[in-house]
Amino acid sequence: MVIKIALLVVFFSVMLGIGVYSRNKAKNVNDYVLGGRTVGPWISAFAFGTSYFSSVVFIGYAGQFGWKFGLSSTWIGLGNAFIGSLLAWLVLGRRTRLMTQKLDAKTMPEYFGKRFDSKALRVVGSVVAFIFLVPYTAGVYNGLSRLFGMAFDIDYRICVIVMALLTGAYVVIGGYMATALNDFVQGIIMLIGICAVIFAVLNGQGGFLNAVKELSNIATDPAVTTPALQESQGLFASFFGPDPLALLGVIVLTSLGTWGLPQMVQKFYAIKDEKAVKTGTVVSTFFAIIIAGGCYFLGGFGRLFGGEPGIHITNADGTPGIAFDNIVPTMLSTLPDILIGIVVVLVFSASMSTLSSLVLTSSSTLTLDLIKPVLKKDMKEKTQVRLMQVLVMVFIIISVVIAFNPPTFIAQLMGYSWGALAGAFLAPFMYGLYSKKITSAAVWTSYILGVGFTVVNMFFPIIQSPINAGAVTMVAGLIIVPIVSAITPKPDQGKVEEMFTCYEKTVTVPERENLGS
């Protein structure tokens, strides 16, 4: 216990120190929300990666999908790395930075309002973002509740309050730069921690080869096996696992979803220069391979711990069930104290980085996209910053209240949140960066599709899995937005042409980057 607490105290001290260090870099709106658009490559890459992966992934997703798909769940981590990180940077990074600077947009709803010349899109977008970031926050806290139940003999609510106060303190004091610098430190902790944990867990199972052998001997579970593969042997240690189509749905949601999440895309707004884009792309991808790949790889061995108490449960209706969110904590419970302490700091790091991004995104969106344009258009810069700082604490208080009574399964919460946000925002955001023909009607259609289908599916399940429902919604948006744009009135081409001049400006580069004539 002394080791665990000592590690947390050091961790907390560093986080607060960075917040105080960053206070002079958060005096105006642009600095507070985007770090003055001067964030370098490594900081940008780690900010993207640590906001991507939280306790939702480490505790919830790794446990649930590792149990369902076995070692093939590692594909989810690789999808996160190459689709959610690499392709996101290549497709969105540079163009997002250029277009948002041209429009002077600091948030995703503000981008929609200015890009498609509609204040209503901006206001509605801010409401959607705020509402559906809340369940994601609940999922982050739920992951922490499982971990602290394993590691500490103290009330989990105390840990939530401490985490909330610490996160609120450094975000309020230092804004985006404090968040980004802390993300860098937290990312390093996550890299070291996940490698140490994987080695220790596999070593406890007799090594990697013996663990794979034991996993291959576990009987196929009909509940998680596609009918065509039932009666097969060794599926949990196989290349594509017991249900490849369901696996594909998870890969799409967790990988493509980042392209439409406000707290993720906003990292591209703050990039400093071309070098930051190129280096950030490589570093972010490497980070995702280690963290996401490592988490799902570790979770793939979850069935080896199926005999431990706390995993098999009885549902409210009397049927047997699995406590998916207890799987990874159970796997970690046998580790030495020093490693458990590292794991606690690891998950704290992942959760705080995600939470700080969520609260900063929510507060800036409410201030800049709802309160300022609707209620007080002539609000001074200093007042806007103060209001965002107040709203950071309001959002944290709401999330703490939810955390005191966390919902059941983390994966389902994240599925609803990502499905609504990415379903509504992904297609119009990406197409708006590339095409001059996308209309405001198409954006409204995407809003209605993403939010409407997610809400309807919550109460009247058309697609039983919220994960698959979210994936379907995102893909549907990518198809529908161009179709609606083709049959609705075109936007003012003069205004659109002016926006797209940001891509045509001539710049001079060294010959090592371009051979010249």
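The lining of the second largest pocket divides into 9 nonpolar, 5 polar and 2 charged residues; Ala, Val, Leu, Ile, Met, Phe, Trp, Tyr, Cys and Pro count as nonpolar, Asp, Glu, Lys and Arg as charged, and the others, Gly among them, as polar. This is a predicted model, where local features need pLDDT of at least 70 and side-chain atom pairs count only at pLDDT 80 or more, while totals for chains, interfaces and linings use all residues. Residues are numbered from 1 along each chain as its sequence is written, and side-chain values use heavy atoms, with hydrogens and water left out.

Back to that pocket. Its volume is about 340 Å³. Of the 16 lining residues, Gln-64, Lys-68, Ala-246, Ser-465 and Asn-468 lie nearest the centre. On the terms: a pocket is an open set of points on a 1 Å grid over the protein atoms alone, with protein on both sides within 12 Å along at least five of seven lines; a cavity is a set where a 1.4 Å probe fits but cannot get out; and lining residues have an atom within 4 Å of a point. Grid points are joined across faces, edges and corners, and a volume is the space filled by probe spheres set on the points.

Helices H4 (55-69), H10 (244-256) and H18 (466-487) each supply at least two residues of this lining; helices are DSSP runs of H or I with at least four residues, numbered from the N terminus. H4 gives the most, with 4 residues.

Now the largest pocket. It holds about 590 Å³ of space. Of its 19 lining residues, Arg-94, Leu-98, Asp-273, Glu-274 and Val-507 are the closest to the centre. H5 and H12 (274-299) are the elements that give two or more residues to this lining, and H5 gives the most, with 5 residues. By class, the lining has 7 nonpolar, 2 polar and 10 charged residues.

H5 itself, residues 74-103, has a kink of about 45 degrees centred on Trp-89, the bend at a residue being the angle between axes fitted to the seven residues ending there and the seven starting there. After H5 comes Asp-104, with a positive phi near 55 degrees.

The largest cavity holds about 50 Å³. Its lining is Tyr-176, Thr-179, Gln-263, Gln-266, Lys-267, Ser-357, Leu-360 and Thr-361. H8 (156-204), H11 and H14 (337-375) each supply at least two of the lining residues. By class there are 2 nonpolar, 5 polar and 1 charged.

The second largest cavity has a volume of about 40 Å³. Among its lining residues are Tyr-416, Phe-453, Asn-457 and Thr-473. H16 (410-434), H17 (440-459) and H18 are the elements giving two or more residues, and the largest share, 4 residues, comes from H18. That lining has 4 nonpolar, 6 polar and no charged residues.

Last, a helix pair. H3 (41-52) and H11 (262-269) pack at about 180 degrees, with axes 10 Å apart; axes are lines fitted to C-alpha atoms over the stretch in contact, and angles run from 0 to 180 degrees between N-to-C directions. That makes H3 roughly antiparallel to H11, a label for angles over 145 degrees. The contact, meaning heavy atoms within 4.5 Å, is made by Ala-47, Phe-48, Ser-51 and Tyr-52 of H3 and Met-264, Lys-267 and Phe-268 of H11. These residues divide into 5 nonpolar, 1 polar and 1 charged.

Notes. Parallel < 35°, antiparallel > 145°, perpendicular 65-115°, else oblique.
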